[in-house]
Amino acid sequence: MTREEDIKRAVETMRKGGVILYPTDTVWGIGCDATNAEAVRRVYEIKQRDDSKALICLVDSDARMQRYFRQVPDVAWQLIDSLKEGDVKPTTLILDGAINLATNLIAEDGSVGIRITNEPFSKELCYRFQKAIVSTSANISGEPAAQNYGDIDPRILEAVDYVCWSRRQEHKPHTPSSIIKLKENGEVTIIRK
């Protein structure tokens with residue numbers, strides 16, 4: 001199967017409200033349409049995770065990221081610009097004032113975690129889908145994240161609607177993203193390095 005066919009099938013699955021398993025710029029992820037509350041509920045169910053623990057989203061560009069927040073603080077744009085330079089670990093930003101997303105994806109304080117992916121497969125997937133995609137590690141809550149396809153728990157493989165073919169043969173170390181919370185008032189908190 002070509003990468004293009006793989007992406008097309010993943011996009012079709014998400015458009016129908018389905019849940020996918022896919023390689024990201026970090027670890028393998030469980031994903032769905034970030035605007036579909038029922039699909040988001042299924043992701044929590046598959047992970048056996050309390051829905052008070054927020055999930056993050058992937059987007060393909062700055063412009064798409066802007067659609068999901070009332071206002072992106074200047075410090076976020078500065079950080080995004082600095083992340084584009086050099087070999088920097090993928091970084092998820094938690095921003096206040098989330099909008100246009102499934103309500104069960106947004107944290108109680110109105111924030112949501114979002115990451116602009118530059119990895120070719122997930123970037124193309126986000127671009128073709130034209131919306132934010134949920135990206136949470138492909139593991140049962142409390143268990144280690146699946147760095148590679150071979151690390152994914154069979155219960156997750158059986159629970160999703162589509163498993164991407166791309167990068168299944170890969171065997172190399174991958175780590176979760178750094179996470180930085182940026183408040184509207186400019187306060188910066190590093191959640192995970």
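Because the model is predicted, local features are reported only at pLDDT of at least 70 and side-chain atom pairs only at pLDDT 80 or more, while totals for chains, interfaces and linings use all residues. Residues are numbered from 1 along each chain as its sequence is written, and side-chain values use heavy atoms, with hydrogens and water left out.

Helices (H or I, at least four residues) and strands (E, at least two) are DSSP runs numbered from the N terminus. Strands of a sheet pair through backbone hydrogen bonds, either parallel or antiparallel. Here two strands are taken to pair if DSSP finds at least two bridges between them.

Six strands form an open sheet in the order S6-S3-S5-S4-S9-S10, with mixed pairing. Its edge strands are S6 (133-134) and S10, each of which pairs on one side only. Within this sheet, S3 and S5 (residues 112-116) run parallel and are joined by four bridges, and Val59 stands opposite Ile116 in S5. Strand S4 (residues 91-95) is likewise parallel to S9, to which five bridges join it; Ile94 stands opposite Lys181 in S9. On the other hand, S9 and S10 (residues 188-192) pair in the antiparallel sense over four bridges, and the bridge partner of Ile179 in S10 is Arg192. S9 and S10 form a hairpin with five residues between them. In the turn of this hairpin, Gly186 has a positive phi of about 95°.

Buried denotes a relative accessible area under 20%, exposed over 50%, and partly exposed the range in between (1.4 Å probe, protein chains only). Five of the five residues of S9 (residues 178-182) are buried, so this strand is largely enclosed by the rest of the structure. In a regular strand the side chains alternate between the two faces of the sheet. In S9, Ser178, Ile180 and Leu182 point one way and Ile179 and Lys181 the other way, and all are buried.

A further open sheet is formed by four strands in the order S7-S2-S1-S8, again with mixed pairing. The edge strands are S7 and S8 (162-163), each pairing on one side only. S1 (residues 20-23) and S2 (residues 28-31) run antiparallel and are joined by four bridges; the bridge partner of Ile20 in S2 is Gly31.

Which residues surround Thr136? Thr136 is found in strand S7 (residues 136-137) and is buried, with a relative accessible area of 7%. Contact means heavy atoms within 4.5 Å. Leaving aside residues up to four places away in sequence, Thr136 touches Trp28, Gly29, Ile30, Val43, Lys47, Arg49 and Leu55. With Arg49, the side chain of Thr136 makes a side-chain polar contact of 3.5 Å. A polar contact is a pair of N or O atoms within 3.5 Å; within protein, one must be able to donate a hydrogen and the other to accept it, and residues adjacent in sequence count only if both atoms are side-chain atoms.

Arg49 is also touched by Ala54, as are Tyr44, Leu105 and Ala107, not counting residues up to four places away in sequence. Ala54 has its place in the loop between helix H2 (37-47) and strand S3 (56-59), and at 34% relative accessibility it counts as partly exposed. Ala54 and Val112 are 58 residues apart in sequence and 7.2 Å apart in space, C-alpha to C-alpha.

Turning to the helices, the axes of H1 (residues 3-15) and H5 (residues 120-129) come within 10 Å and cross at roughly 50°. Axes are lines fitted to C-alpha atoms, for helices over the stretch in contact, and angles run from 0 to 180 degrees between N-to-C directions. H1 and H5 are therefore oblique to each other; angles under 35 degrees count as roughly parallel, over 145 as roughly antiparallel, 65 to 115 as roughly perpendicular and the rest as oblique. The contact involves residues of H1 including Ile7, Ala10 and Met14, and residues of H5 including Phe121, Leu125 and Phe129.

Two loop residues complete the account. Most residues other than glycine have a negative phi. Asn100, in the loop between S4 and S5, has a positive phi of about 60° although it is not a glycine, and it is exposed, with a relative accessible area of 52%. Gln130, found in the loop between H5 and S6, has a positive phi near 70° and counts as partly exposed at 36% relative accessibility.
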